[in-house]
Amino acid sequence: MAQQIGIKAALEEASKGYAEGGVPIGSVLLDEHGAILGKGHNQRIQKSSPTLHAEIAALENAGRQKAEVYRKATLYTTLSPCSMCTGAILLYKIPRIVVGENVNFKGDEDLLRERGVEVTVMDNHECKELMRRFIRERPEEWNEDIGETN
């Protein structure tokens, strides 16, 4: 149940980002009871930010939390997390991450697993299609977002 709530909310965030002209990645942080602590979407383009990925936005929107809250939380994200977002997950010792898809981009899932994080990949069709559409329509912005050159 919480998994469906989490990925649905993350997809809503991703769609919001796409509608704003940004990279369509969404993320949601749920507490141990399945309540949403924070949610966000990638806003690098909208806010000219080098770091405002969806996972970072969700953490920011969750506000300051005590360490034990993070250690019982689950992070949902529509796309496999990059190195920067992986670092934030490890820093706050978030024990579980649910990834909508990792076909269009596979981030540092192996590192997360090596460090004891439970990683679940849903292989969600909606996540894959939204990201695939953006990459096809705006390849330069996508490459910029993942730190690649064209």
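1. Buried residues make up 47% of the 150 residues in this predicted model. Buried means under 20% relative accessible area, with a 1.4 Å probe and protein chains only. Local features need pLDDT of at least 70, side-chain atom pairs count only at pLDDT 80 or more, and totals for chains, interfaces and linings use all residues. Residues are numbered from 1 along each chain as its sequence is written, and side-chain values use heavy atoms, leaving out hydrogens and water.

2. Overall size comes next. Along its principal axes, the C-alpha trace spans about 40 × 30 × 30 Å.

3. The protein has 7 helices and 5 strands. These are DSSP runs, numbered from the N terminus: helices are H or I with at least four residues, strands are E with at least two. Their order along the sequence is α-β-β-α-α-β-α-β-α-β-α-α.

4. Now look at α6, residues 125–137. This helix has 13 residues and reaches 18 Å from its first C-alpha to its last, close to the 18 Å expected at 1.5 Å a residue. The expected span is 1.5 Å times one less than the number of residues.

5. Which residues of α6 are buried? They are C127, K128, L130, M131 and F134. Their cover includes α1 (2–19), β3 (74–79), β4 (96–101) and α7 (139–145). Contact means heavy atoms within 4.5 Å.

Terms used: Buried < 20%, exposed > 50% of the residue type's maximum accessible area, 1.4 Å probe, protein only.
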